[in-house]
Amino acid sequence: MDMELWEPHHIEQDQCLEAQVGPLQLWLRRSGDEIRIATKQRKDLEGRLKAFSLHPAAERKPPGLDWSRWVCGSCNEVLLTPVTPDRPVVVRPEVPLKIPPGREALFFFGVPLWVRITAGEKTKVELCEKPSVTVSNIWFGDPMSGDLCYSLRTRARRWLSDSQIEPHRAICPVTIRNAAPVQVDIERFCVHVAHLSIYPGTSRLWTGGVKIIFKGEDEISLLEYSENPPTYEEVDKVLSKPRLPVKKSILKKSIGSFGLFGGV
C-alpha cells in the first residue's frame, strides 16, 4: 500500500497541493499567512483502487471551486490523516443472517474515511475534516436514547476475500455473538467507530476489531473494542487513534432488527 499521502508535505508560498482519496478531491494552497482548502466529490472515481495522489501544482488554480481560508502564520507543512467518521455507522449484512443461541458470526465492512487536515511542523494546527464520501443520516434506537448515525451503502460481508480494496475505506472486523436464549436475525447493526484506531496493512487500511454480544431484544448489548490492530495483515504502526477513547467494554443497543426510526 502506498502510504505517501499520509506523510507530512511541504508547501511553499503560492503552491497548490492536490490530493485524491477515493471520490474526494481536495486542493490545499498556501497564500501569505493563510492555508486555503477546496474540495469536490467525484462519483466517477469511487471505485478506483489507485486513488491516492499528492503533487505540487504551483501555477494551477482549478476553476469553479469554493475555497475556505485559515490563518496559519508561517506554516509550511501540511498533514492529511485518515480518521473514522464523527458519528456511529449503521451497516447491513450482504444478506440477512440468523444466529442461533450460543453461536457467533464474523463480518467485515468498509468504514468510509474522514480526512483530517492539519498545518504546521512543531506546533500543529487542526484546520478541518472532510468526508471521503457523501453519507446519509439515520436514527438508530428508540426516540429517547438512540443515536443519530450515518447509514452506509456498503454491505458487511462474511469473508474478507469478498471485500473490495478501496483506498477511501478502512476494513472493520465485527464479531456478533448471540448470548440470548433465542436466535437473532441480523438485518443491520450499529458500530460506534469513534472508539476505533486506524492502521495501515499491507494491502488496505484497517480499524481495530469490535465484538457485539447480543443478550436479547429487550436488553442492551455488550460491546468490546479492541485496542490492538487486527491480525489479518501485518501492521507496524497506527495512523490515527480513536476520536473517543473507551474502556474495553461498553453497553449499548447495537443489533438492528428492531428499534430503527427513520432515515434520510
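**Figure 1. Arginine 158 over the ring of phenylalanine 107.** In this predicted model, the charged end of arginine 158 sits over the ring of phenylalanine 107, at 5.6 Å from the ring centre. The charged end of arginine 158 also sits over the ring of tryptophan 159, and here the distance to the ring centre is 5.1 Å. Phenylalanine 107 counts as buried, because its relative accessibility is 1% and the limit for buried is under 20%.

**Figure 2. The aromatic pair of phenylalanine 107 and phenylalanine 189.** The count of aromatic pairs in the model comes to five. One of them joins phenylalanine 107 and phenylalanine 189, with 5.6 Å from centre to centre and 45° between the planes, and is classed as tilted. Phenylalanine 107 belongs to strand β10 and phenylalanine 189 to strand β17; the pair links distant parts of the chain, 82 residues apart. Phenylalanine 189 has a relative accessible area of 0% and is therefore buried. Phe107 and Phe189 form one aromatic cluster together with Phe109.

**Figure 3. The stacked pair of tryptophan 206 and tyrosine 232.** The ring centres of tryptophan 206 and tyrosine 232 are 5.4 Å apart and the planes lie at 15°, so the pair is stacked. This pair, too, links distant parts of the chain: tryptophan 206 is in strand β19 (residues 205–207), tyrosine 232 is in the loop between β21 and β22 (249–252), and 26 residues separate them. Tryptophan 206 is buried, at 0% relative accessibility, whereas tyrosine 232 is partly exposed, with a relative accessible area of 39%.

**Figure 4. The largest nonpolar core and the surroundings of phenylalanine 109.** The largest nonpolar core holds 27 residues, and those touching the most other members are Phe109, Val174, Ile176, Phe189, Val191 and Val210. Two or more residues each come from β8 (89–93), β10 (104–112), β14 (147–156), β15 (169–178), β16 (184–186), β17 (189–191), β20 (210–214) and β21 (221–225). Strand β10 contributes the most, with four residues. Beyond its neighbours within four places in sequence, phenylalanine 109 is in contact with Val89, Val91, Leu152, Arg155, Ala156, Ala170, Ile171, Cys172, Val174, Phe189 and Val191. Another core, of 26 residues, lies apart from this one; Ile11, Leu24, Val78 and Cys128 are among its members.

**Figure 5. Threonine 81 in strand β7.** Threonine 81 is part of strand β7, which covers residues 77–83. With a relative accessible area of 13%, threonine 81 is buried. When neighbours within four places in sequence are left aside, the contacts of threonine 81 are Trp6, Trp114, Val115, Arg116, Leu239 and Ser240.

**Figure 6. Proline 101 in the loop between β9 and β10.** Proline 101 lies in the loop that runs between β9 (97–99) and β10. At 40% relative accessibility, proline 101 counts as partly exposed. Not counting residues up to four places away in sequence, proline 101 touches Asn178, Ala180, Pro181, Val182 and Gln183. From C-alpha to C-alpha, proline 101 and arginine 177 are 8.4 Å apart in space, while 76 residues apart in sequence.

Terms used: Residues numbered from 1 in each chain as written. Predicted model: local features only at pLDDT ≥ 70, side-chain atom pairs only at ≥ 80, totals over all residues. Heavy atoms only, no water. Core = buried A, V, L, I, M, F, W, Y, C linked by side-chain atoms within 4.5 Å. Buried < 20%, exposed > 50% of the residue type's maximum accessible area, 1.4 Å probe, protein only. Contact = heavy atoms within 4.5 Å. Phe/Tyr/Trp six-rings, centres within 6.5 Å; stacked < 30°, edge-to-face > 60°. Lys NZ or Arg CZ within 6 Å of the ring centre and 35° of its normal.
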